Amino acid sequence: MQKPTSTHPGDAVAPAERLIVIVLFEGVDLLDVTGPPEVFSLVRRETDDATGYRVVLAAETAGPVTTAAGVRVLPDLTFDEAAGRAIDTLLVPGAVEVDRERRVSAVTDPAVVARVKELAVRARRVASVCVGAHILAAAGLLDGRRATTHWSTAHQLAAEYPEIEVDADPIFIRAGDVWTGAGISACLDLSLALVADDFGEELALRVARQLVMYLKRPSGQSQFSVPLEPVSTTRRIEDLRHHITGNLTAPLTVADLAAHAHVGERQLTRIFKTELGTTPSAYVESARVERARNRLETTDETLERIASTCGFGTTDTLVRAFRRQLDTTPTEYRRRFRTGQG
């Protein structure tokens with residue numbers, strides 16, 4: 001990858017503009033394509049001079065591309081035309097397929113991979129959105145680097161490309177001139193990080209406010225939360241999950257949950273292990289930590305108050321749970337991820 005020094009002679013683009021090329025292909029995730037341009041378009045509005053970005057969509061042909069959502073999108077130029085431009089940022093979205101067991105896997109078309117590899121040479125930097133990281137990996141652009149992707153395909157990425165240090169937790173990761181982002185709405189966080197890298201934190205925060213994003217989330221922010229866990233295949237476990245989140249201040253012992261579900265305690269434990277891959281007690285603690293995280297991020301409540309309203313009872317219990325689940329303390333978590341006044 002190299003830094004572009006000028007725009008293509010045929011471009012009617014001010015020298016201050018940075019050309020962002022977003023890769024289009026059949027079955028691409030729609031939000032991966034449309035989310036980042038919303039961020040980049042606000043840069044011009046938030047500045048007084050002729051600076052900012054020019055965003056174009058590139059595909060194999062000039063014909064419409066059908067996204068995974070069924071919405072058809074028209075590219076601005078072909079890959080061949082894009083290869084003749086000096087690209088500031090090559091942005092690569094992704095696509096997935098879901099089998100009968102609802103298992104998600106990333107899709108990588110060899111033809112798209114070849115095009116990305118070709119265009120990356122023309123770009124100052126390359127960034128992937130969500131499972132687009134699999135395309136970068138197939139193109140050899142993540143070899144020896146640390147990278148992230150959507151949590152649902154992180155195991156696939158690590159298994160298929162052992163030379164990549166896959167970290168499924170962060171919202172985004174920068175490894176030199178290659179950036180990878182989690183999914184799906186995290187494409188906005190990644191785009192804001194690119195804006196901050198180009199124009200500074202203050203402008204990126206102004207753009208975030210326009211998007212009603214209270215704060216530009218740091219790359220270390222975890223993309224995992226309890227509601228993101230795979231949906232259960234049984235109504236009984238779904239009812240238990242709703243019961244837990246709605247009654248976090250209750251004891252919620254194994255006996256309590258078994259009575260609510262009208263099953264024995266051993267059967268309840270087997271159900272949780274099969275459906276959610278954890279124990280009832282561990283799930284309850286995760287749900288309480290998730291609620292506490294939200295209160296720490298959005299309110300000025302004391303740790304004593306949060307411990308009480310989230311079902312921990314005491315501050316010491318809250319602290320121990322945070323150390324187990326997040327390897328940090330509630331105070332440190334609030335310092336890093338506080339988003340606004342409650």
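Start by selecting threonine 153, which touches Val104, Ser105, Ala106, Val131 and His134; contact here means heavy atoms within 4.5 Å, and residues up to four places away in sequence are not counted. Threonine 153 sits in the loop between strand E10 (146-147) and helix H5 (154-160). Helices (H or I, at least four residues) and strands (E, at least two) are DSSP runs, numbered from the N terminus. The relative accessible area of threonine 153 is 0%, so the residue is buried. Buried means under 20% relative accessible area, exposed over 50%, and partly exposed in between, with a 1.4 Å probe and protein chains only.

A note before going on. This is a predicted model, in which local features need pLDDT of at least 70 and side-chain atom pairs count only at pLDDT 80 or more, while totals for chains, interfaces and linings use all residues. Residues are numbered from 1 along each chain as its sequence is written, and side-chain values use heavy atoms, with hydrogens and water left out.

**The sheet**

Next, colour the strands of the open sheet. In what order do its 7 strands lie? The order is E5-E2-E1-E6-E9-E13-E12, and the pairing is mixed. Two strands pair if DSSP finds at least two bridges between them. At the edges are strand E5 (77-78) and strand E12 (172-175), each of which pairs on one side only.

Select E12 together with strand E13 (residues 178-181): 4 bridges pair them in the antiparallel sense. Isoleucine 173 has threonine 180 in E13 as its bridge partner.

Move to strand E1 (residues 17-23). Of its 7 residues, 6 are buried, so E1 is largely enclosed by the rest of the structure. E1 runs parallel to E2, joined by 7 bridges, and parallel to E6, joined by 3 bridges. Valine 21 has a bridge partner in each of these strands: valine 56 in E2 and leucine 90 in E6. Isoleucine 20 is likewise bridged to E6, with threonine 89 as its partner.

Now select strand E6 (residues 87-92); 6 of its 6 residues are buried, so this strand is largely enclosed by the rest of the structure. E6 pairs with strand E9 (residues 123-128) in the parallel sense over 5 bridges. In E9, valine 126 is the bridge partner of leucine 90.

**The cores**

Stay on leucine 90 and show its surroundings. Beyond four places in sequence, its contacts include Val21, Val23, Val116, Leu119, Ala120 and Val126. Which residues touch the most other members of the largest nonpolar core? They are Leu90 and Val116, in a core of 68 residues. A nonpolar core is a set of buried Ala, Val, Leu, Ile, Met, Phe, Trp, Tyr and Cys residues joined through side-chain atoms within 4.5 Å. Helix H6 (residues 186-199) supplies the largest share of this core, 8 residues. A second, separate core has 16 residues, among them Leu252, Ala258, Phe272 and Tyr283.

**Helices on the sheet**

Select helix H3 (residues 110-120), which lies across E1, E6 and E9 and runs at about 160 degrees to E6. Axes are lines fitted to C-alpha atoms, for helices over the stretch in contact, and angles run from 0 to 180 degrees between N-to-C directions. H6 also packs on the sheet, touching E1, strand E2 (52-59), E6, E9, E12 and E13, and its direction makes about 155 degrees with that of E9.

Go back to H3 and show its side chains. Val112, Val113, Arg115, Val116, Leu119 and Ala120 are its buried residues. Viewed down the axis of H3, they fall within an arc of 165 degrees, so they line one face of the helix; the arc is that of the directions from the helix axis to the C-beta atoms. They pack against E1, helix H2 (79-82), E6, E9 and helix H4 (133-138). Exposed residues Pro110 and Lys117 are on the face turned away from the buried side of H3.

For the last stop, pick valine 113 in H3. At 10% relative accessibility, valine 113 counts as buried. Apart from neighbours within four places in sequence, valine 113 is in contact with Thr108, Ile135, Ala138 and Ala139. Valine 113 and alanine 139 lie 26 residues apart in sequence, with 5.5 Å from C-alpha to C-alpha.
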